[in-house]
Amino acid sequence: MELTRYILRRMVLSAFVVLGVTFLVFIVAQVVPSDPAALYAGPRPTAEQIEKARQELNLDAPLIQRFAGFAKAMGTGDFGVSYKSRRLIAEDLRAYLPATLELAVFSTGLALLIGIPLGVLAAARQGKWPDRLGSFGSIAAVAMPTFFLAMILQLVFAQWLGILPLSGRLSREISVTAPLSMMTGFNLIDALLAGRLDAFGDALKHLILPALTLASYPAGVAMRLTRSAMIEILERRHVTAARALGLSEPRILFGHALPNAMGPALTVIGLSFAYALTGAVLVEIIFAWPGLGRYVSEAILAKDFPVIAAVTMVVTICYVVMNLLIDIAQALVDPRVALS
Amino acid sequence: MTRLVQRLGWPGTIALVVILLLVLVAVLAPWVAPYPQQGVGVPNVAAKLSSPSAQYWLGTDHLGRDMLSRIIYGTRISLTNGVLIVAFSLLIGLPVGLAAGYFGGWIDEALMRGTDVFLAFPALLLAVLMAAALGPGFLNSIIAVSVTWWPWYARLARSEVLVLRNQPYVEAARLAGVSHGRIIIRHILPATGRPLTVQAALDVGPALLTAAALSFLGLGVLPPTADWGQMVDAGRKFFPARWWYSATPGLTIFIVALAFSVLGDALRERKGGTARASA
Amino acid sequence: MPLLNIRNLSVAIPTPDGDVHAVRSVSLEIERGEIHGVIGESGCGKTMTGMAALGLVPKGARIAADRFHFDGEDLRENAARLRGRRIGMISQDPAAALNPVLSIARQMDDVLRAHRDMPRQARHSEAVELLAATGLPDPERVLKSYAHQLSGGMQQRVVIAQALATGADFLIADEPTTALDVSVGAQVLALLRKLVAERGLTVLMITHDMDVIAEACDRATVLYAGLSVETGPVHDVLQRPGHPYARALLAALPDAAPHGAKLEAIEGSIPPPRSQIDGCAFAPRCPQAMPVCALQAPPERTLAAHRWLCHLPEGSA
């Protein structure tokens, strides 16, 4: 009951946030730039072309009316046409969004898989060398510029060791010779659905470096949050009680203390996902990953505002939904959350 | 000195020294840089893309300019970036947080829900959107990052004020009929200011990292002004054959961000702070 | 032979300002099947004595004893193995002793899995049985709950059921009723008495409350400043306390004072835990202190099974 009310409240708040986000994107994309009509009309427009564009874009209407139109379009998934390519943005998104989501989900998983066990280990060996090494590693991971880390990983794993591909999402042998039919847009899943183990392995290999780049910062944060949460939890009475009940130390660490640290872990999922979505802008350029990040960075250079606005909207909504899910999960994991 | 080491520990002290050195280098750039002209941007095509040598310690870029001088001049941009982003963000965030926390009620509700909208964006993405709308350039990129940064200070200031608001001396001032504005400026601002200033000083690191990401995307300072992020990007075309072009500015960004991070850690050790997202 | 046999136990915890003598010299003999009360003010070392028997002293603490045996095994070497197998703990605050984010079912099952080799289904019915044995009316529902959904009394019953689940035959109960309402506390004490009678358990009951001693214990030991100063059958300790501190504790009890009379509080405070003690630890607060009390450690006085440390001759109180 408390839980249902809590979830409903979170959902209403999220809806308000999405409305606010839409408004902000509208302002930044349609009001701040000097003259959208000139951009829309193409290079070296004549006065007539600009006037025609003004009418097409409905730029002379009152602001509130324009916003209503914009919000309605966004709500129905009608993102308009790219100024530059004149293609339907919605169609482009359908191709690029899964690529970015695949990267984001994979790197989030990687961040948790690396960060949480290291945090538990550091807490269990507090003050000893695994703790010190881990703590320094996490600080370094947080301070590392994403784009620089990407280049180092490329240099080491692709150029020197040659064990992972330099860039791209699939090898030419797969994408050209025997392409995957697009079902979900997630290559890993599509490959499995088609029973193509070769494509699956190839897609996985291409995922590792960009995902690792995006995972380093959240993994560092995950480690630090897990460590401090675990240190606090390990001093609680119920841990002493569990010891007095004769439970084994690994069981206490992972079975009893870690579930209490799920709050921070879930926080990290949100953070990591957000980081992956935005870091994608940098990482996708470097790894030639055909996703939203590369799409938007090209749009930035071309001042293609409908594309920029659409990507910002879609990514932000992904992020808001993700945060909503995390809040709900947090309430499910720790029933006390819903009460406060 | 020994007392400093005692308080910050060795890593923290080294980090502080690195940061102070950096400030010094930024101020004295024309005198420390081996080739001040090239640092400012004058090409030297004859020596283009030379590898590190006694003459050019960190090699040269595609226009033959000395990397070391470029990096030294880049210090100025990076530090002012970091400092201005934090300052602008404080300028917006502090009043919002103070008002929300002090007045409470619908003012608090309205201001904080507005803040939530800004926090709903993945930070770098909003900065990119802003920077794209404003166009590239030094001030524009700073404004773009500040827009994503201030909500944190608004939240921080608000939570500090919530504690202070019910302190007896604030209560007393209110009962004595002192005006709201005066109470805020006299009693609340000084007490919130301190923790916020410490936080802000430490945020210069992450702020500069975000600004570097923007300029890597071509949304920062325009060439020929030297800027680390933009240099890493320019060097990508020659990577890894001419590794020094991208690697030296990249490493510099890393070291500077690391120094701020380590110093922050040393200061927080006994306060128990929280981590935060940035690019 | 006593089940728990402790002779001159001391626990010292090193700190930057010198050692804290949490336990200075405690002797305890606990017989099978009894509930043995250990009573004293906070800081007297009663909890640390229990923790030492569980092998859960703070890191770096030094344990010394002439004898520190449980059922013939030296606790200095075997505490970690015996803990949770033969020695169980019931802690002061049941709300804190239960994991807030795991269901009771999961917590019961974890204990059973660690100690009993049985299939999942059997573990479940065992858990139900154990919860029922502690007097919980609807065990199935309790298993599905989380700690915060249970009342304090129910939580303490779950904690007791967990201790039983380990198969331990010796329970260390650290102030098991302090966090509970008086009536609920009385029920928990009655439950412990019942379990002792039915299952042949032995209980070390740590408390600061003479009422608990009177209500539930067979024998009692009085601790003062990390020293065991008096021990004997509850009847003797309550009716004819030998040590002036025990007398003062009894006098401080509301029931002992005639209605309307002023409650007699003990003046002064316990010696600081870092200091060395010469003579009798209670001498500075003792209304009957003599010059010798400050200089020499008091001798042991014996009256059948009742023993105490005091310079005063027997019967002089």
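Two residues are in contact if their C-beta atoms, placed from the backbone, lie within 7 Å. This is a predicted model: local features need pLDDT of at least 70, side-chain atom pairs count only at pLDDT 80 or more, and totals for chains, interfaces and linings use all residues. Residues are numbered from 1 along each chain as its sequence is written, while chains are lettered from A and ligands numbered from 1 in the order in which they are written.

**Stop 1: chain A as a whole**

Select chain A. Among its contacts between residues at least 6 apart in sequence, 70% join residues at least 24 apart. Its C-alpha atoms fill a box of roughly 85 × 55 × 40 Å along the principal axes. Colour by secondary structure: chain A has 15 helices and zero strands. Helices (H or I, at least four residues) and strands (E, at least two) are DSSP runs, numbered from the N terminus.

Now colour by burial. A residue is buried if 20 or more other C-beta atoms lie within 10 Å of its own, exposed if 12 or fewer, and partly exposed in between, with C-beta atoms placed from the backbone. Of the 340 residues of chain A, 46% count as buried.

**Stop 2: annotated spans of chain A**

Zoom in on residues 103–124 of chain A: the span is 100% helix and 0% strand, with end C-alpha atoms 32 Å apart. Then take residues 136–161 of chain A. This span is 88% helix and 0% strand, and its end C-alpha atoms are 26 Å apart.

**Stop 3: helix H11 of chain A**

Select residues 237–244 of chain A. This is helix H11, mostly covered, with six of its eight residues buried. Those six are His238(A), Val239(A), Ala241(A), Ala242(A), Arg243(A) and Ala244(A). What do they pack against? In chain A, they meet helix H10 (197–234) and helix H12 (249–257). In chain C, they meet helix H1 (46–54), strand S7 (87–90) and helix H3 (94–97). Gly246(A) follows H11(A) and has a positive phi, near 80 degrees.

**Stop 4: where the chains meet**

Show chains A and C together. Here 24 residues of chain C are in contact with 21 residues of chain A. On the chain C side, S7, H3 and helix H4 (104–115) each give two or more residues. H4(C) has the largest share, four residues. By class, that side divides into 12 nonpolar, eight polar and four charged residues. Ala, Val, Leu, Ile, Met, Phe, Trp, Tyr, Cys and Pro count as nonpolar, Asp, Glu, Lys and Arg as charged, and the others, Gly among them, as polar.

Switch to chains A and B. Of the two pairs of chains in contact, this one shares the most contacts. Chain B brings 37 residues and chain A 41 residues. Helices H5 (105–120), H6 (123–134), H9 (180–216) and H11 (243–268) of chain B each supply at least two residues of the chain B side. That side has 30 nonpolar, four polar and three charged residues.

No contact joins chain B and chain C, and their closest C-alpha atoms lie 17 Å apart.

**Stop 5: inside chain B**

Select residues 2–27 and 67–103 of chain B, helices H1 and H4. Their axes come within 8 Å and cross at roughly 110 degrees. Axes are lines fitted to C-alpha atoms, for helices over the stretch in contact, and angles run from 0 to 180 degrees between N-to-C directions. The contact uses Leu22(B), Val23(B), Val25(B) and Ala26(B) of H1(B) and Ile72(B), Thr75(B), Arg76(B) and Leu79(B) of H4(B).

Next, go to Pro223(B) and Pro224(B): a cis peptide bond joins them, with omega about 10 degrees. Pro224(B) sits in the loop between H9 and helix H10 (228–235) of chain B.

**Stop 6: two loops of chain C**

Select Glu175(C), in the loop between strand S8 (170–174) and helix H8 (182–199). Its phi is positive, near 50 degrees, in a residue other than glycine. Glu175(C) counts as buried because it has 21 C-beta neighbours inside 10 Å.

Finish at Ala225(C), in the loop between strand S10 (219–224) and strand S11 (227–233). Ala225(C) has a positive phi of about 50 degrees although it is not a glycine. With 24 C-beta neighbours inside 10 Å, Ala225(C) counts as buried.
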